[in-house]
Amino acid sequence: MIRYDDDSVNAQHQLDVEAGHSSMMAASAGNFYQDFDVTFGDERAKILNGGQLLTLNLDKFSGSGFKSKNEYLLGRIDMQIKLVSGNSAGTVTAYYLSSQGPTHDEIDFEFLGNLSGDPYTLHTNVFSQGKGNREQQFHLWFDPTKAFHTYSIVWNSQRIIFLVDNIPIRVFTNLETIGVPFPKNQPMRIYSSLWNADDWATRGGLVKTDWTQAPFTASYRNFQASTTSTNSLTEQSAWQTQGLDAAGRNRLRWVQQKFMIYNYCSDLKRFPQGLPVECRRSRF
């Protein structure tokens, strides 16, 4: 297990300096009243501060969640999230894009709770045409419960980039030319939920939810979506062709070398007949 130590903090600061901005990316935040609907949990989901803040709560009886009013087809999605603090073992905070139906597409961030003092596990996945099984998991280099951090998805026709405070942690490249389906034709909504998954979430289900710590709370602010429909004809947004430059590749390698704890592309036991074809091609 890693702990949030001074080396990680110093490395984070250096990357923030190089990036020019980290968790302050959202230049103009959306309004949760206008942009989202509560999907379950009733009063456990609360929109506060005139629509500038949303909180989800989980207790022994129910979790809570929300989804976007709009669908998005390609774009950049940013959300600042502060995760459940303290002993969050057994809880999952999910934040993802998804279409509907048996051949749905999906782009996932899931934050798996922890025993107090241990790092969260950030679980990522990509579904295309109903097929997922492309998991990568990370520990974060900061404590995500102490402050808001920006979690972003850049989704264009060439690649999907997962970013944390504008630092790339994963890239899923469009390899349709060699037969790998890529999610670019189905509009997706944004979803988030806070729920109990103590049958698997923390150490494979060995650590159960401590309901004496309830209610558990995750907080959201500064949502921003940049899509083709939100850009004027004179504005060419960076997300439409965004990839990784040399500095971005260095940041990606730093994260994957130091903080990746699972990669389906390295799991030979899971794929005894050979790794998926995209695992054998460039990730940038």
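User: Which side chain does the side chain of E278 make a polar contact with?

Analyst: A polar contact is a pair of N or O atoms within 3.5 Å; within protein, one must be able to donate a hydrogen and the other to accept it, and residues adjacent in sequence count only if both atoms are side-chain atoms. Here the partner is the side chain of Y264, at 2.9 Å. This is a predicted model, where local features need pLDDT of at least 70, side-chain atom pairs count only at pLDDT 80 or more, and totals for chains, interfaces and linings use all residues. Residues are numbered from 1 along each chain as its sequence is written, and side-chain values use heavy atoms, with hydrogens and water left out.

User: Is E278 buried or exposed?

Analyst: Buried means under 20% relative accessible area, exposed over 50%, partly exposed in between (1.4 Å probe, protein chains only). E278 has 11%, so it counts as buried.

User: What is E278 in contact with, beyond its neighbours within four places in sequence?

Analyst: Contact means heavy atoms within 4.5 Å. For E278 the list is R134, F172, L175, V180 and Y264. L175 is 103 residues away along the chain, yet the two C-alpha atoms are separated by 7.0 Å.

User: How many strands form the open sheet?

Analyst: Strands of a sheet pair through backbone hydrogen bonds, either parallel or antiparallel. Strands are DSSP runs (E, at least two residues), numbered from the N terminus, and two of them pair if DSSP finds at least two bridges between them. In this model 8 strands line up as 1-4-13-6-7-8-9-15, with antiparallel pairing. Strand 1 (36-40) and strand 15 (260-263) are at the edges; each has a single partner strand, so one side of each lacks a neighbour in the sheet.

Note on methods. Helix = DSSP H or I, 4+ residues; strand = E, 2+ residues; numbered from the N terminus.
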